[in-house]
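Keep the structure open while reading.

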Amino acid sequence: MIRFIAQRALWGFVVVVSVVTLVFFLIFVAGDPAVTVLGPQARAEQIADFNAKKGLDRPMVEQFFSYLGILPCVRKDSPKYEREDGSRGFCGVLQGDLGESYSHHESVAAVIGFRLPRTLLLASMAVLFELIIGLTAGVIAALRRNRWSDTLIMFGTFVGISLPTYVTGPIALLVFSFLLGWFPFGGYGIDPLDHVYHALLPALILAIAGAATYARVMRGELIETLRHDHVRTAKAKGMPPSQVVLRHAIRNALLPVVTLVGLSLPFLVGGAIITEKIFAWPGLGLLTIESIESLDAPVIMAVVLMFGVAVQAGNLLADIAVAALDPRIRLND
Amino acid sequence: MRSTPKTRTRGSRWVAGIVTIAAAAVLGGWVITHFPRAPIGPRFVGADQETPRSGGTLVFSASSNIHTLDPHFAYDTLSTAACRLLYDGLLDYDYEGKMVPSLAASLPEVSDDGRVFRFTLRDGIKFHNGREVMAEDISWSMHRLLSERIGSPGYPFFKSIEGAPDYHVGKTDVIEGIVVLGPKTIEFRLDEADQTFLNAIAMPFAYPIAREHVEALEKAEGRTAVGRNPIGTGPFALGRWERGVQVEFERFEDYWDPRARPDQMVFLENISSDVASARFRNGGIDIIYRPSKVNRLFLRESKAWAPYRAEAPSPSVFALGLNCELPPFDNIHVRRAVAFAIDRSKLERLDPGKVIAATQVLPPMLPPYDPDLPQGQVFDLARAKEEMRLAGYPNGLPEPVTLWVRGEGEVQLAQFFQQDLKAIGIDIELKLVTFATYLKETGRPRVAQAAFTGWHQDFPDPSNFMDILFHSRSIHPENSENRSFYRNPELDAILDKARPEVDRTVRLELYAQANAILAAEAPWAFLYYPIEMFVWQPYVKNFRPHPVWLNEYRNIWLDLPRRRVSQSVYSPKVSR
């Protein structure tokens, strides 16, 4: 088990480093950050000043290793660039310094620190809705197999999977916020309860596809489980049908759904990018779009790094969790 | 025995199906007939008060977020708009675009040679921390702005101050050309006469900021902390800032100009134009600009909204930049042919109320713009063909021309002109690139044959368009501001003469000559001036578009309490 975890962690590290390296150099291929940040009105002199301040006038390889924290700091605006004793310090990822955002004039950690909790709130509410709606619908469909309610639910899941958020989002906003006024019209609100209220509609929209998938998986799994011997035995010994379903069938049918939830998290954050844009939800998704548009390299790099680490850690944890839940799986095999 | 219940079940299913469909139809019909309609006019009106009074909260929004509230870094539209509430400069612009004193008691005394500007501050101006503003504060703020340590993008606008370049690179500790003559008097001495210096002084970069506050913050939390904890002299002080969500500004009681203002301003960030427009029509936002296209067309046509709507050209120009170093645009006649071949009225038809056809580099509100400029670029197919003949291409160009475009919007625009240029035998091939690539590559000589381009003024002076975009000094191996690589010694001489000229009439006459040259020589084929649309709620008073500042809301007052009105008052039946 430990060997497996170490192997996976090493692979994860290699993948993250490769992705970070690739993205770092891709940003430079995409264009000149100074020109993009300062905009089309920038004077050559402003661009030169910016490049000097951010260390962008140094060789790219030096910038990269300085970013990682292996070579000394190249950013003149960092306090580490010139320490009190006159020497140059390190200001890279290894030192926990993600740099300063080009356009926000603020440390990247602070910029992300504001945005991340908002995306997590949206994503967690979306997962909650996915599970509540998806599992309920799946169970109903399985128990009422081939009846009209099953057909209706399956049709609904088909529609739910087919409709992208950029279609459902604006329609939901138009109908439920603009015309009916049931939900706030986009935005984030200003206090915690308000945040949750503002998150309801975008989370529901974000949850549609996931809920539809879970409903289909749950239906299939439950139908399969209901045929198992242990369920038949439970029925035979006179257990009430609701208890049979709850205790013996649903519990077993849930395992693949748990795996699916784990695997869907990165997609959920990806989907949140579009949803955040539509619902003016000022989270990490919107920040990512802005940063890519303005070529705000330190923020792009930090987001990539964060997602990279999160996906790798998530996958590793999912493997470990499955092994822990199901003793038949041996990770060393 | 089996068949009977089966038949009954099938029959009952049919009945159930029909009942369900009927119920759904009834329900659907009810929903359709009773479903709320979109509001056709304002949902709220004011209290009909004549006298301006302070109070209430003004809510407005933008589709992006404010990057900083530190004026020394405010170089984007939204940060500038926010800083306009928090700070004041020595000078400002009135609604006619004329320069007026703000923190300064009057316009500066200018020496005969146009190199020395002496300002005296008003009495009783206070920072938001209650301390009175002194000339020393102006000097300290300018030193902060121009220091290399801070690295403000505002430096190039002030480098004509004596000693500023040496100070900027750390060779000296003080800027020689900034001299405090008394508690309220400060003098700026320039290396050479430059009339645009006053425009620079009116930019947010030069807004003073409280020294003791900045020093304490920088020491405790680092340089960037100033951008989120500002202390200025403006009509509003910062209340709360939920980053990326909204900024709340509170009215500053000790502000020197006592006119009525809202108690609070709420600036919503990251609200897309669709969301903002819909929220506005529901009464959730008090003033909007640049509504989404559908809403713009609606608001433009709506009689109910007509009294609360304004359209004003933006101080910008958009054009096709033609690279004068590369064939075929090294030939003036080909450039002129392009300028005459483009039917700009198509643009006005494509997006009504969004643009007006451009004939010259200067936008309509900026003197010496001339609506009847004889050299003005207008659609004239016969002249375009004649220019192609003069260029030696009576049957059109042998090779297609590559036009660099930066996105789907420009592709659509370019497709319009493709047809126009085809008519004079110029084939256009589009090259779609990212914004970053566009900026990098079009700033290099001999790379892009033609590209969509444009300019938004930094300050209202013709030099800000002409010097920066067309002077040969603006051509560099990388990052040229003169992206058409146009060189004309005659134009350079006129611009060099105009910039320091103290006599305004003479100065404008020189720029009028330059304007005519640029229209005639066509380094840019001018396309359009964008129009900004503003719409406000009936209870929002004293707003009108400002010729310099895009979101100028500091002089608004609110006619409260607002009253909700039935939408039927706007219906055609009633109005008839």
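## Aromatic pairs

Rings of Phe, Tyr and Trp (its six-membered ring) count as a pair if their centres lie within 6.5 Å. The model discussed here is predicted. A search of the whole structure gives 32 aromatic pairs over all chains. For A:Phe176 and A:Phe183, the ring centres are 6.4 Å apart and the planes stand at 90 degrees, so this pair is edge-to-face. The cut-off behind that label is an angle over 60 degrees between the planes.

Are these two residues buried or exposed? A:Phe176 has 30% relative accessibility and therefore counts as partly exposed. A:Phe183, at 18% relative accessibility, counts as buried, because buried means under 20%.

In chain B, ring pairs join several residues into a cluster: B:Phe60, B:Phe267, B:Tyr289, B:Phe534, B:Trp536, B:Phe543 and B:Tyr553.

## Charges over rings

In chain A, the charged end of A:Arg118 sits over the ring of A:Tyr188, at 4.9 Å from the ring centre. In chain B, B:Arg281 lies over the face of B:Phe298, and the distance to the ring centre is 3.9 Å.

## The disulfide and other cysteines

How many disulfides does the structure hold over all chains? The count is 1. A:Cys73 and A:Cys91 form this bond, with their sulfur atoms 2.1 Å apart. The torsion about the S-S bond is about 85 degrees, so the disulfide is right-handed. The bond links distant parts of the chain, with A:Cys73 and A:Cys91 18 residues apart. Each of them is in the loop between α4 (60–68) and α5 (108–143) of chain A. Both A:Cys73 and A:Cys91 are buried.

Two cysteines of chain B can be described in terms of burial as well. B:Cys83 has 0% relative accessibility and so counts as buried. B:Cys324 is buried too, with a relative accessible area of 13%.

## A helix pair in chain A

The helix α5 of chain A packs against helix α6 (residues 148–162) of chain A. Their axes are 8 Å apart, and the angle between the helices is about 140 degrees. How are the two helices oriented to each other? Angles over 145 degrees count as roughly antiparallel, and 65 to 115 degrees as roughly perpendicular. α5(A) and α6(A) are therefore oblique to each other. The crossing in which α5(A) passes α6(A) is left-handed.

Key: Residues are numbered from 1 along each chain as its sequence is written. Chains are lettered from A and ligands numbered from 1 in the order in which they are written. This is a predicted model: local features need pLDDT of at least 70, side-chain atom pairs count only at pLDDT 80 or more; totals for chains, interfaces and linings use all residues. Side-chain values use heavy atoms; hydrogens and water are left out. Rings of Phe, Tyr and Trp (its six-membered ring) pair if their centres lie within 6.5 Å; planes under 30 degrees apart count as stacked, over 60 as edge-to-face and the rest as tilted. Buried means under 20% relative accessible area, exposed over 50%, partly exposed in between (1.4 Å probe, protein chains only). A charge sits over a ring if NZ of Lys or CZ of Arg is within 6 Å of the ring centre and within 35 degrees of the ring normal. A disulfide is a pair of cysteine sulfur atoms within 2.5 Å. Helices (H or I, at least four residues) and strands (E, at least two) are DSSP runs, numbered from the N terminus. Axes are lines fitted to C-alpha atoms, for helices over the stretch in contact, and angles run from 0 to 180 degrees between N-to-C directions. Angles under 35 degrees count as roughly parallel, over 145 as roughly antiparallel, 65 to 115 as roughly perpendicular and the rest as oblique. A crossing is left-handed if the near helix is turned anticlockwise from the far one by less than a right angle, and right-handed if clockwise.
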